[in-house]
Amino acid sequence: MVIANSLKSHRQTFTRVTTILRYLGTNGLRLLLQFYYAKTPMFWIPKGWVPAYVAFLLAFPRAPRGSV
């Protein structure tokens, strides 16, 4: 019985640790990259193509105004 309970405890710990590492390796890395590149514009909208409020909304929340 003691060995079975010990094995069950180690299995639960292993499962929990691997789940956390898998999450951090996939979603955590993605979130860090998105945060790091959030202020980098993908492309610039030529001036005058859209009204100022549209350019502001396209750049929202962190990109420079006039970029997407």
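A quick word on ground rules: residues are numbered from 1 along each chain as its sequence is written, and side-chain values use heavy atoms, with hydrogens and water left out. Because the model is predicted, local features need pLDDT of at least 70 and side-chain atom pairs count only at pLDDT 80 or more, while totals for chains, interfaces and linings use all residues.

Let's start with the loop between α1 (2-36) and α2 (52-59), where K39 sits. Helices here are DSSP runs of H or I with at least four residues, numbered from the N terminus. K39 touches R62 and P64, leaving aside neighbours within four places in sequence; a contact means heavy atoms within 4.5 Å.

What is the angle between the ring planes of Y36 and Y37? Rings of Phe, Tyr and Trp (its six-membered ring) pair if their centres lie within 6.5 Å, and planes under 30 degrees apart are stacked, over 60 edge-to-face and the rest tilted. The count by this rule is 1 aromatic pair. The planes of Y36 and Y37 stand at 90° with ring centres 4.8 Å apart, so the pair is edge-to-face.

How open are these residues? Buried means under 20% relative accessible area, exposed over 50%, and partly exposed in between (1.4 Å probe, protein chains only).

| Residue | Relative accessible area | Class |
|---|---|---|
| K39 | 58% | exposed |
| Y36 | 61% | exposed |
| Y37 | 49% | partly exposed |
| L24 | 49% | partly exposed |
| S67 | 0% | buried |

S67 lies in the segment after α2. Not counting residues up to four places away in sequence, S67 touches P41, F43, W44, L58 and A59. A polar atom of the S67 side chain lies 2.6 Å from the backbone oxygen of P64. The C-alpha atoms of S67 and L57 are separated by 10.0 Å, at 10 residues apart along the chain.

Finally, helix α1 holds L24. Together with I20, Y23 and L31, L24 makes a nonpolar surface patch of about 390 Å².

How values were computed: Helices (H or I, at least four residues) and strands (E, at least two) are DSSP runs, numbered from the N terminus. A polar contact is a pair of N or O atoms within 3.5 Å; within protein, one must be able to donate a hydrogen and the other to accept it, and residues adjacent in sequence count only if both atoms are side-chain atoms. Patches are made of residues with over 30% relative accessible area and no salt bridge: like charges are joined within 9 Å, nonpolar side chains (Val, Leu, Ile, Met, Phe, Trp, Tyr) within 5 Å. Accessible areas come from the Shrake-Rupley method with a 1.4 Å probe; for residues, only the protein chains shown count as cover. A salt bridge is a side-chain nitrogen of Lys or Arg within 4 Å of a carboxyl oxygen of Asp or Glu.
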